[in-house]
Amino acid sequence: MKMCIGSDVHGSEANLIRFFQAADRQIAADPDTKVVLLGDIYNHGPRNPFPEGYAPMRVAKLLNDAMSFITVIKGNCDSEVDQMISNFPIIGDFSMEWMGHTVFFTHGHKCNPDLPPVGAKAGDIVFYGHFHRASLVEKDGVRYVCVGAIGLSPEGVERSYAVLSEDKVTVKTLDDDKTLIEFTV
């Protein structure tokens, strides 16, 4: 099984379609691939510009159509009204066991390298978004992977997502699948 992990769609239909195309490539290679979105799915937030292809209702339709294979975590820009247009639950942070390690999934505004999750120990992995720039930080033996952003990224920073496979983590660019970060689990 694999996991395809994205974050920070911020209402960008165009970039969500690109992400789903990348996820489809992973699913073609492994039909058991699951898709996780780490929050901020519809709203672009008051400090952010409109992302390319900003269309929250069309994003909702795409996500509702994909609800059988996606898990969506609540981000700081997600609200109760977002749940009203979503046929899938927008859940809180979660963790799971993966190849002898605990893997945490969070948006990142309340849990990141400076705010570690309760119970994290050396060898564990934390996937998060919120900061819109892919990065890897190791702190006390825990690897923190910021998957970047699907919809909004800072000027000059490529949009990105992550793939968790049985033996490695890879963060790739959304537009050309170039590897930005890779390590063995």
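**Helix, cores and backbone**

Author: This is a predicted model. M84 is placed in helix α3, which covers residues 80–84.

Reader: Is M84 buried or exposed?

Author: M84 counts as exposed because its relative accessibility is 69%, and the cut-off for exposed is over 50%.

Reader: How far is M84 from F127?

Author: Their C-alpha atoms are separated by 26 Å, and the two residues are 43 apart along the chain.

Reader: Turning to the packing, which residues have the most contacts inside the largest nonpolar core?

Author: They are F19, L37, I41, L63, I70 and F88, in a core of 23 residues. Two or more residues each come from α1 (13–29), β2 (34–37), α2 (56–65), β3 (70–73) and β10 (160–164). Of these, α1 gives the most, with 5 residues.

Reader: And what does L37 touch?

Author: Leaving aside residues up to four places away in sequence, L37 touches G6, V9, F19, L63, T71, V72, I73 and I150. Another core, of 18 residues, lies apart from the largest one and includes L38, I73, F105 and I125.

Reader: Now the backbone: which residue has a positive phi of about 50 degrees?

Author: That is M99, which is not a glycine. M99 sits in the loop between β5 (94–98) and β6 (101–105). Most residues other than glycine have a negative phi.

Reader: What about the phi of D177?

Author: D177 also has a positive phi, near 60 degrees, and is not a glycine. Its loop runs between β11 (168–173) and β12 (179–184). D177 is partly exposed, with a relative accessible area of 22%.

How values were computed. Residues numbered from 1 in each chain as written. Predicted model: local features only at pLDDT ≥ 70, side-chain atom pairs only at ≥ 80, totals over all residues. Heavy atoms only, no water. Helix = DSSP H or I, 4+ residues; strand = E, 2+ residues; numbered from the N terminus. Buried < 20%, exposed > 50% of the residue type's maximum accessible area, 1.4 Å probe, protein only. Core = buried A, V, L, I, M, F, W, Y, C linked by side-chain atoms within 4.5 Å. Contact = heavy atoms within 4.5 Å.
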